[in-house]
Amino acid sequence: MGKKAVQERYLELKKLLNKYSYEYHAIDNPTVSDAVYDGLMAELKAIEDKQPDLIDFDSPTQRVGDQPLDKFEKFEHTKRMISLLDCFSDVEVELWLSRIEKIDKSVNNASFWVDSKKDGLACALHYQDGRLVRAVTRGDGSTGEVVTSNVKTIRTVPLSLPKEHPFSKGFTEVRGEIIMTRKDFEKLNAKRESEGLSTYMNPRNLSAGTIRQLDSKLVADRPLRFHGYDLLRDNIEEVVTNQFAYSTMKDLGFYVDKEAHLEEGITSVLKYAKEFETIKDELPYNTDGLVIKINDRKLFDSLGTVGKNPRGAIAYKYPAEEATTTVKDIVISIGRTGAATPVAVFDPVLVAGTKVRHASLHNADEIERKDIRIGDTVVIYKAGDIIPQVQKVILELRPDKTKRFHYETELKRQYPELNFYRPEGEAVYRVKGVSGKILLTKGLEHFASKGALDIEGLGEKNVEALVGSGLVSDFADIYTLTKEQIESLDRFADLSANNLVKAIADKKHPMLSRFIFALGIRHVGAQTAIDLANNFKKLDNLGTATYEELKHVEGVGEIVAESILGWFVDDDNQALLAKFRRLGVWPKVVKTVGGKLSGQSFVVTGSLESMNRDEAASRIRELGGTFQNSVAKGTTYLVMGTKAGSSKAEKAKKLGTEVINETKLLNLIS
């Protein structure tokens with residue numbers, strides 16, 4: 001065969017093999033057997049071995065690179081890869097819609113593009129004149145890592161676009177999710193188990209970890225898939241709707257989900273969301289919900305973004321996932337206030353994408369009501385980002401001769417050195433007095449925490465080391481520590497010991513509200529501490545306040561007033577305050593009250609991206625606002641973070657509380 005004929009044969013083989021690969025991997029409709037494909041691939045490789053000058057960039061053989069990389073290059077995205085606001089109920093979806101309707105009334109007549117939300121790794125593919133030139137991970141949304149060699153190994157990623165398609169000219173970007181199907185994941189784990197190797201945790205983590213391998217030959221052994229979900233062109237008017245984007249991606253050779261479709265009106269969207277919940281577990285890949293986008297791209301873009309979230313799209317998530325497991329033990333945890341909280345310990349189980357090993361049982365009454373016993377098979381669930389909880393016991397699977405859990409007996413067994421009591425009208429058992437290393441450790445952790453004195457370097461493990469060594473016997477002792485004493489402990493070196501001494505010394509004169517909160521007075525939270533500080537101005541004034549004076553402070557009722565009085569008349573606590581004075585540790589006098597948020601109250605639900613809940617609360621309080629744990633009559637704002645539940649939103653709607661997002665909160669506290 002002459003050189004020209006070989007070249008023609010090579011081009012025909014390459015085109016045919018790419019076609020077969022698309023049919024097999026992208027549309028799940030193979031037209032030839034594996035034997036036929038393998039035979040043609042062997043012929044193609046033979047030609048390339050003899051004439052390497054013929055090898056083209058989009059040859060099936062070029063999906064695996066030769067040389068491992070030393071590191072990944074960074075690349076700034078052509079357009080920010082945004083994340084989506086999570087909604088967990090119909091009410092939250094309707095609130096989202098009402099917000100964007102205020103920006104543009106045409107939203108009233110909008111249609112919506114709906115697709116399943118995959119649990120994988122987001123990636124952007126760049127094509128220049130039809131040729132794949134770059135693949136970039138999402139990264140932080142603005143800048144990602146270049147992983148082109150690895151992504152080229154994925155069979156559902158075209159190395160070139162059809163020449164006859166107009167989008168093969170100029171720059172085209174296709175965004176999607178890199179995933180692994182459950183079936184492929186199970187096969188891979190079964191193979192590793194048979195080889196005596198450890199198995200992988202879940203498909204999502206494996207997909208993300210695989211793409212970040214420096215050797216693309218290792219990546220090629222993993223059955224990854226690319227599912228397209230967005231299409232970009234330099235001329236944004238070329239992609240008029242999300243429906244058009246999906247149709248075009250399919251024409252270009254990409255896999256797009258069969259579940260993706262158009263819905264007219266939000267009522268239809270919510271109806272489909274209910275239907276999808278019943279079928280999502282039957283899909284070949286993991287999904288935790290739906291992506292809902294305004295179909296019209298011009299309207300979508302005009303609505304803009306809030307922080308990292310586009311206003312024109314949301315993720316509708318199904319908040320609770322369930323699993324069954326066996327209770328191995330019930331241990332009782334002692335909190336900083338001496339509250340005894342039971343915790344179920346069980347075999348590790350995957351719930352909502354994370355492996356959990358324990359769940360709160362709340363109190364003795366809860367254990368009694370559900371009759372939870374060691375050895376029971378239980379149903380646990382996790383909604384959003386809350387702590388796992390036991391839903392019920394499967395009585396049919398209860399082993400013979402299990403015994404009821406006797407709470408008081410277990411308290412004596414697990415904490416023989418402590419005495420407990422149960423206050424009248426409460427469900428929680430508490431430790432009597434303030435003695436014991438456990439209480440001191442918990443109390444000191446709270447004393448140094450971010451919401452209290454915020455002493456850097458005095459976290460859980462370091463506190464345990466200091467208390468365990470005997471260097472600290474009360475809160476005030478931390479101010480007597482020397483660098484040499486700290487350095488003698490295993491956890492510390494010269495620099496860390498020096499830094500801790502300095503961090504403690506820097507907090508000798510904290511804000512009065514922080515100091516009151518840090519003392520750990522029962523029932524006195526951060527907001528009550530601020531109210532007390534603003535009212536009494538000095539710690540001495542608070543210490544000598546009468547019952548009636550305390551009751552006049554907003555948020556202080558009978559129980560709180562009695563708790564404060566009880567704390568200040570305790571001999572041990574008076575000795576602690578006297579010790580603080582001797583060491584020159586005393587809170588600042590409050591000089592001013594009020595601020596730009598004076599008279600306004602806030603509740604935060606879900607997770608914030610720019611700060612944690614304690615930081616948000618601290619900033620609100622510093623500006624004179626009130627931070628609340630639950631929505632009540634008179635609450636000014638409900639701040640909806642990510643993974644927020646629906647109950648607070650529903651209550652806010654009933655009470656007329658304004659619902660805002662994180663961006664609006666940042667504007668208010670800036």
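**Figure 1. Contacts and overall dimensions of the predicted model.** Of the contacts in the protein with a separation of 6 or more, 68% join residues 24 or more positions apart; a contact means heavy atoms within 4.5 Å. The model is predicted, so local features need pLDDT of at least 70 and side-chain atom pairs count only at pLDDT 80 or more, while totals for chains, interfaces and linings use all residues. Residues are numbered from 1 along each chain as its sequence is written, and side-chain values use heavy atoms, with hydrogens and water left out. The protein has 25 helices and 24 strands, which are DSSP runs (helices H or I, at least four residues; strands E, at least two) numbered from the N terminus. Along the principal axes, its C-alpha atoms fill a box of roughly 105 × 60 × 60 Å. Buried residues make up 47% of the 670 residues (buried is under 20% relative accessible area, exposed over 50%, partly exposed in between; 1.4 Å probe, protein chains only).

**Figure 2. The largest nonpolar core.** This core holds 55 residues, and Phe447, Ile478, Leu532 and Phe580 have the most contacts inside it. A nonpolar core is a set of buried Ala, Val, Leu, Ile, Met, Phe, Trp, Tyr and Cys residues joined through side-chain atoms within 4.5 Å. Elements giving two or more residues to the core include helix H13 (437-448), helix H18 (526-536) and helix H22 (571-582). A second, separate core of 35 residues includes Leu121, Phe167, Phe185 and Leu231. Leaving aside residues up to four places away in sequence, Leu532 touches Ile516, Val524, Lys537, Leu542, Leu550, Val553, Val556 and Ile564.

**Figure 3. The buried face of helix H8.** Within H8 (residues 242-251), Asn242, Ala245, Tyr246, Thr248 and Met249 are buried. Seen down the helix axis, the buried residues of H8 fall within an arc of 165 degrees, so they line one face; the arc is that of the directions from the helix axis to the C-beta atoms. Their cover includes strand E3 (111-118), strand E7 (171-179), strand E8 (225-233), strand E10 (287-294) and helix H10 (297-302).

**Figure 4. The largest cavity.** There are two cavities of 30 Å³ or more, and the largest has a volume of about 70 Å³. On a 1 Å grid over the protein atoms alone, a cavity is a set of points where a 1.4 Å probe fits but cannot get out; a pocket is an open set with protein on both sides within 12 Å along at least five of seven lines, and lining residues have an atom within 4 Å of a point. Grid points are joined across faces, edges and corners, and a volume is the space filled by probe spheres set on the points. Leu85, Asp86, Cys87, Glu92, Leu95, Arg99, Met640, Gly641, Ala644 and Val659 line the largest cavity. Strand E2 (85-87) and helix H3 (90-103) each give two or more residues to this lining. Cys87 counts as buried, at 2% relative accessibility.

**Figure 5. The second largest pocket.** About 1,000 Å³ of space lies in this pocket. Its lining has 40 residues, of which Ala526, Gln527, Ile530, Arg621 and Glu622 lie nearest the centre. H18 supplies the largest share of the lining, eight residues. H17, helix H23 (613-622) and strand E22 (626-628) are among the elements that each supply at least two.
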